[in-house]
Amino acid sequence: MAWKHCDKAQRSKFWLIHNGAVRRAVASWSPSRYRSLYSTDNPVNKLALQMQHIRKTFPGVIALDDVSFTLRTGEVHILLGENGAGKSTLMKILSGAYQKTAGEIQLNGQAVEIKSPKHAQELGIGIIYQELNLVPQLSAAANIFLGCEPMRFGLIDRSAMEREASRLLNELGIEIDVRRPVQALSIAAQQMVEVAKAISLNARILIMDEPTSALTEHEINELFARIRQLKATGVSIVYISHRMEELFEIGDRVTVLRDGKNVGTYNIADVTKAELIRLMANRELTNQFPKVRAPRGEEALRVEHLSRDGTLHDISFTLYRGEVLGIAGLLGSGRTELARAIFGADKIDSGQIYRNGQLQLIHSPQHAIHSGIGFLTEDRKTQGLVLALSVKDNVCLPNLNQFARFGVVSNSAENRAAQSYVNELRIKTPSIRQQVVNLSGGNQQKVVLGKWLCSRAEIFIFDEPTRGIDVGSKAEIYEIINQLTAKGVAVLMISSELPEILGMSDRILVMHQGRINGEFMAEDATQEKLLRCALGE
Amino acid sequence: MKSKELLIHYGRQFGTLAGLIVLSLVLWILTPHFLTVSNLLNVAQQTTIVAIIAVGMTFVIITAGIDLSVGSVLAVAGVVMATLLQKGVPPVLALLVGLGTGLLGGVLNGLLITMGKLPPFIATLGMMSMARGAALVFTEGRPVSGFSDAFRWIAVGEVLYIPVPVIVMLLVYGIAHFVLTRTKLGRYTYAIGGNEEAAILSGVNVRLYKTLVYGLCGMLSGLAAIILTARLNSAQPIAGMMYELDAIAATVIGGTSLTGGEGTVLGTLIGALIIGVLRNGLNLLDISSFVQQIVIGAVIVVAVLLDMALKASRK
């Protein structure tokens, strides 16, 4: 049955193996064979991939606008850009997860339409995600051949599978027991299992998304050695990373994306770190942020030496009434973890939190809500709302004690409150009884806002307040933030969008690898400064 | 509430109700005995036990959980109460201990799930076996029989020609409906099942309320044990076998989603009645109990298939 998933070449390959012609089959498959097949006299100039004028739109958003990208045979091409610049979208188009809206893709000079991830695989394009795509309980061998298991007499031929897997991994310079479940392997080894899997599927183009983010120094060096080895066999690699030092070590060329556009492709030797950062950051600042400054009031929240094993290290800051404190940082820098720790959703290992100068022990969201903190999570659908419940039920969920006596909820009081927030926030819904799943993203976000307005929170933590909502609703959310600060509410705003951080904050903290790496007053900050700080400079 | 909203909120129940009515009409045509007062009361009487258990099951399933131990907890509660009755403990106290035993079983389930972080299926599967074993050990495998007429009145008595168990059942459904729609416990039950993470981040004490829901489910098993013991004039350690499946079936036919977050007890009542009417009708038609199992299984499957098709068409 598993054969159905494999192409003909692979079938015959295993057929050969099982008919004794092991050596021939393996020889025809090894990197040395690749070299003779694919390399040309001047491999550097041969293009393995051309993506031209690629355009991708989502409803209301242009994710990629006329992006061209080429990949030479045997090169490591770095793809650089801020969060949301379009790197993942471009790579998802290449790996078949998304369909482009317009543009052309050529592989080795031939135009192709990449229809699905499966199809991309058949075309020799492999992708290794940051979160590895392995079945943790299965062995390395089983993972490598998942869906393409060598069969004999209708059963999986384990020994052939394990033999092949060891051989593949050995060629990559990895010595592991391929029978062990991959969850017992180090992250670096798991990554190599993924690489081996891609190679076993004849990948000629490998996309690596932040491959070093979970590796130690030593493992990174190992990985780079493997990458160089792959290059030598003519495999072309698209390498996505934020770590500037690495780029210069492993890259041949670099392409910078910004706001869905290609803002430049360079030989790595021809650019400097500073130039790259400038290219990434130099976004147009339009006046879409109706920031109104409120006078800074008294201290609302003070965090001292907050640490959580592995994610947050010795975080200290003070938040004042009436101010918006922006928190910038790359994905994985600990921004959301910080918000969750303050809100009591995750345990902290050490550190103190003071509210209005008083030490507070916040062990759970209940405590946080009780001490006047509201948290608008980054993902409304999985964390902020109960989608199947009505607008009214969601608005009232953290606040039932206001409306309940002896555990019985007063419907009329609830309805009045919910209706007033629907009016105040201009939530577009036919009725407060409408299930929130039927509302648009912007209106859903307003329902979450309504929850915390209703709870009379004095500190609002916004995690990506405008992610995935339309321009009109964005402006309304900013307007609401202004109204909040005017009333003396303190706002902590996490955002991946630097213009948003710059446009709405009074003060900005920048996080890098679980630490606060810098603090700026909004008027002194620029995108470039923030980005440099977020990159650990 | 406007009629359109009524339809959206209770549309699923109208569908189930229509099924019940069609089923009753068919049986009325096929057998004249079906639509007699005595037979209908008989159906109601026979439905009470499973219907009461199914209320607790509905709460549990709305939280996206499951309770496989209801039948076994019923048996333990029954034999404990019966033994106390026979030892001459005042009946009111014995009944309270019976309810308390059920509550305890349920709370233990809840603690295993919330504090022990076990999946509900596993926790209650373990409880199903442990409680059954406890009932057998406690009675050395023998039934505890013979009670006062006063106690038996709970099962055989009538008020205004309506059997007492039917009144108890209707009371339970009335209260449960109120709890689900009008109280914090009810709202949190839906919120936990709909999105546990969002509930936690909204400050809902999810552990407490989940434990309460399982406790409630256990207590209702205790209540069912009282009625069953009074009816049979005997508490059996092997009572309530497979009741969990009937209760789950009634809940699911009634439109409660196993993925949690939605469901009503009114739907469950109709679901329990459908199973009861079906059994009764098949008996009247002299269809063997072997075939009955096939029919009831098919009804469960068809009901859920219809439900899914309906939901898909609405989206």
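In this predicted model, helix 7 (residues 164-182) and helix 8 (residues 184-194) of chain B pack at an angle of about 70 degrees with their axes 5 Å apart, the axes being lines fitted to C-alpha atoms over the stretch in contact and the angles running from 0 to 180 degrees between N-to-C directions. Helix 7 of chain B and helix 8 of chain B are therefore roughly perpendicular to each other, a term that covers angles of 65 to 115 degrees. The residues that make this contact (C-beta atoms, placed from the backbone, within 7 Å) are as follows.

| Helix of chain B | Residues in the contact |
|---|---|
| Helix 7 | B:Val179, B:Leu180, B:Thr181, B:Arg182 |
| Helix 8 | B:Leu185, B:Gly186, B:Thr189 |

Helix 8 of chain B also gives six residues, the largest share, to the side of chain B that touches chain A. Across that boundary, 20 residues of chain B are in contact with 24 residues of chain A.

The largest nonpolar core has 239 residues, and among those with the most contacts inside it are A:Ile461 and B:Ile53; such a core is a set of buried Ala, Val, Leu, Ile, Met, Phe, Trp, Tyr and Cys residues joined through C-beta atoms within 7 Å, where buried requires 20 or more other C-beta atoms within 10 Å of a residue's own. Helix 10 (residues 206-232) of chain B gives the most to this core, with 15 residues.

Residues are numbered from 1 along each chain as its sequence is written, and chains are lettered from A, with ligands numbered from 1, in the order in which they are written. Because the model is predicted, local features need pLDDT of at least 70 and side-chain atom pairs count only at pLDDT 80 or more, while totals for chains, interfaces and linings use all residues.

Conventions: Buried ≥ 20, exposed ≤ 12 C-beta atoms within 10 Å, placed from the backbone. Helix = DSSP H or I, 4+ residues; strand = E, 2+ residues; numbered from the N terminus. Parallel < 35°, antiparallel > 145°, perpendicular 65-115°, else oblique. Contact = placed C-beta atoms within 7 Å.
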